[in-house]
Amino acid sequence: MIILKTLNTSVLCRGFYTLVRKCRWENTVLTLGFLGLLISFPNNGLAEDPPEEVEVFEIVGGSVVGGESYDEKMVDEGLTGNMTLGGAGVALNRRSFKFGEYTGLDDDEGFVVGDTDLSYYRQGYYMDLQSENLGLDNRSIRLESGKFHDYKLTVSFNQIPHMLLNESKTLYNGLGTNNLTLPTGFGRSLNSSGITFSGVKSADLEVESRDNLDIDFLKSFGNNDVRLNFKRVTKDGIRSLGSVFGTNAGGGKSIILPEAFDQKAEEGTITYSHNGEDSKVQVEYFVSLLNNKIGSISFDNPFQGTLGFGAGTVPDRGVISRAPDNQYHRFSLTGGINLPKSTRISGVIEYGLSLQDEDLLPFSSGTGLSLLPRRTADAKIQTYHISLNATSNPFPKITTTSKFRHYQTVNDTPKTIFLAIINDTGSQVDSSNTRALFNLPYDYIQDKFNFDVGYRVLPSTNFKIGYDFNLFKRDFRAVESTVENTFKASLRSHYFSWANANINFSYGERDGENYDAFRVFETRHTPEFVTPGAFDPAPDLRRFDIADRSRIKLGTNLHFAASSKLDFGISYNFLEDDYDDSVLGLRNSQNQTVAVDANYSFGESGVLYAYYNYEDGEFQQIGRTHNPFVPNSAFSEGRNWEVLNENTGNTTGIGFNRSYYGGQLTFNADYSFSQNISDFSFLTGSSLSAAESLPDLRSTLHRVQVQSEYLFSKTVSIWVNYLYENLSYDDFALDGFDPSAGDVNNNLILLRGNITDYGAHVGWVYAKYHFGKNKS
Amino acid sequence: MRYFLSQAVLKNRKILVSVLALIFVLGIAIDAFAGKKVKWSAINPLLKGAISVGNSSMEDDETECFLCHKDYIKSFGKTKHAKAYIAKHGDNKVGSSCETCHGPMSLHLKEVGITGASIPDPGIKIEAKHVVSFKKISPIAKNAICLQCHEKNSVLQWQGSAHRDSGISCDNCHYVTQRKGKRGLLIKEDPKKVCFQCHREQKSKLYKISRKPLREGKQDCSGCHNPHGSFGPSLLKKATVNETCYMCHREKRGPLIWEHAPVRENCSTCHDPHGSNFLGMLKQKAPFLCQQCHMDVFHSSSLYEGNSLNSADVRMIGKSCLNCHSLIHGSNHPSGARFQR
């Protein structure tokens, strides 16, 4: 407690200290943790004993031994590595962003193949140059140079495109800007069926560029290092974004916008590390500044007229907000110490600060800023993180691990009432209206403690049991706190040199204090609006992230070398979450995977391999259709419905690598197949109509890859590679809906295409030049 | 904004002062209690009494290892490890480099017959016992040797980490003597294949319709996880799931006026970052994902099924709930209480 009182001088630890002082069981847990630390001290591990007096025998001296001269050097100086140059081409049966999702290869085209992997070393100084995909949009280049044990400078540039959808459409002019306008003379209508779609244009959705520049400098001063890092990330392109008019009640009108985005983030890190022989301290400051150049998007409304449910007349234009500029700061202190007898204690203290103070937009495009409760966001969240870990071998066959973690957010964003403008064109509501809402600055605290004890039952065979205690406290949620107790056991063995195996099991129970959905309701709404017994969600609903839960986990892993040429491995994992106390909501989720792989060596250098993965995931959730027009419908089991979703995946692959003619010719071939199917079925209560199953959601991928390398000379090799890929994807929510038109019930202008199926052939021919004496 | 930041710093000056004080105190305390080196005789009892040949004051006294291990050392010489050793010990101090990982060599030299002016006959195979061979020692012993130099920065949390407790040794993932991977001294050219040695079930995630660019090599497991141990859950690099996600998705970190509680707490409540059969790497398809938590009056409590699809219900097709509630990660718009603006 003296230690804790010392820590209490800091606001950083106030929440932690208060928690310990107020909660008896947390106190017990903490005490157990420190007991764990204490029993960690005695040990007979691998640390050095005091120097022993030993007889020093005569050591061979001089560079001449037995009359022979040894002028060998351990390290060859000069340039080593390789450089690649060549060409490649793609042939697609149709344009597909999915094929080129992260390469930019979306259509028939050729590209340059250029890679380098070069190293230069001389007298302690070195330089590495690595570059990949220089002819593609996902190129990267990295240069590292320095002097060992002195300094190191690394500069890297990395591009990652993200092609999203290539069959989307838009009605708007101004694509790529924050001002989307409809063509002159555009015929608006209340329903999408009344709108003329003749002016529809293509709108490719993609992250056109995401460029990462990273500069890192490290300087060592004996046992002390100072590291400076600067990072700049720019990202721009067009995505799709839903937007809606008629936000008061049902009957809203939605249109999918082509959302332009253009962001730049700059980050800096300064780190000081003290690396003593067995003690390390690291102090770090990190800052990240995000500049989003498109803070909002204004757009014309293709709908016109008066909506039902008293929503009123829709406006001519809408404004939707995008991510605001923000900044994040983090200070951290990390340390670790190896105490006598193989005990290690390490810990971290972190303080984070997230800030966002952008000017707020008006409630609607037609209203002024004077109606706002405040002009800027004034949003701030502080985070506190303290972790303490201790490991040891208190007795020859026993290992212990104790961990404590405290993580806390302090959301200082003001809680303010926002009086909405009904449907953008109406008047501002008063405080008794359902749309008079407080923003809720969510917060949570996590305190977690783990204690594991391992016992070596046989050489290289350990049995371990453990206990986890996990406490969450949350503001503005239906449950104020949850506690999860988890018991774990595992057995792992490397007893036989030809096999290793492990099995682990855990069972956890999460219990929350009384679930009270009304708690959120009355905090979010005004006292003038709230009436006893009122609710938003059905009272029997339990949100699964805070609901009572029992969790079972089982995992096994076996790796087995049947002979010097054949080895195989198998894994099985099972995870089940049961929400037995939840009448409505997610009731059960279950996942299991089986994975098998095998490798067989043949000839002098051949390897044949194969693998198979099977996955099965199941969700069961129950809902209840209710509304105020059907009395007591929120409590009527006859209005229940149930969704059963099963996701199965089968992935398999086979391939081989083989060298011929003494390694002059190398040949690799690989085939992969993956199919994932999601099946949805439904049950409905007696008061509801019978439900119809949905079509399966299905993806199937075939992939064949062949690589061959011919060693033309000692320094030059020629590569010829080929890839065939075929993808088909069915998604009931997108298939069969024309992105050039609205849907049949007139409330949505979709304009968003589905993923394009494709068949793609890619061929590469390139030469690789190897520097240095030998190929590397 | 600058004024806002300065206010925040001023309000929290006590925290900053306390952190600085802790740094100072901990730094001194840790140095005062510093431990010791690897105990070689605990790894191999036959090394009891062995001393380092690097202790000799004679110049050029360390070419002995070349006598028997020339090929091995030449191969090792191509690695960054070797260059770092040489830079530290000098090009003629091969022995010191070898001893860093294989223990003091004096007894080994004696057992193979390198004493005085004699050298062993290269044709005679000698079973070396007085040396630490990585083929014969436990994972913990291997790791202890590597941690002599590497227990810092990202490896600070190795001891007590899940991988260490699973009996993993450094050479399960990293090469020492023969260059295999481009970076990180990994034993595979493709970093993710190192992880797939044990995490076989993750391999199939590469082929999901919604995935990260691991197949293209633009990202690997270590982008999010620190396999050497961390203070975060599931060996994540940062303290929480969200802080890890914010490393790339900075626009999601806010803070915002209208926050979505589970989004603020844990991105993986809705997303499977390893890959999914549902777009957006979601764990479940909307509207069913949303309806696991949302069951308000009218439309959010209604069942959406085959008949809804046939009538092209706006909540069923396209982006489903996100056709309207598009700012589901939170909104900064005064009218964004329902994440529509």
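Two strands are taken to pair if DSSP finds at least two bridges between them, where strands (E, at least two residues) and helices (H or I, at least four) are DSSP runs numbered from the N terminus. The model is predicted, so that local features need pLDDT of at least 70 and side-chain atom pairs count only at pLDDT 80 or more, whereas totals for chains, interfaces and linings use all residues. Residues are numbered from 1 along each chain as its sequence is written, and chains are lettered from A and ligands numbered from 1 in the order in which they are written.

In chain A, strand β34 (residues 640-660) runs antiparallel to strand β35 (residues 665-684), to which 20 bridges join it, and also antiparallel to strand β33 (residues 606-624), with 18 bridges. A:G649 of β34(A) is the bridge partner of A:E615 and is itself partnered in β35(A) by A:N676. Between β34(A) and β35(A) the hairpin has 4 residues, and A:Y661 takes a positive phi near 50° there.

Chain B, by contrast, comprises 14 helices and 0 strands. Of its 341 residues, 50% are buried, a residue being buried if 20 or more other C-beta atoms, placed from the backbone, lie within 10 Å of its own. Among the contacts of chain B (C-beta atoms, placed from the backbone, within 7 Å) between residues at least 6 apart in sequence, 52% join residues at least 24 apart.

Across the interface, 142 residues of chain B are in contact with 182 residues of chain A. Helix α2 (residues 13-32) of chain B supplies the largest share of the chain B side, 10 residues.

Terms used
Contact = placed C-beta atoms within 7 Å. Buried ≥ 20, exposed ≤ 12 C-beta atoms within 10 Å, placed from the backbone.
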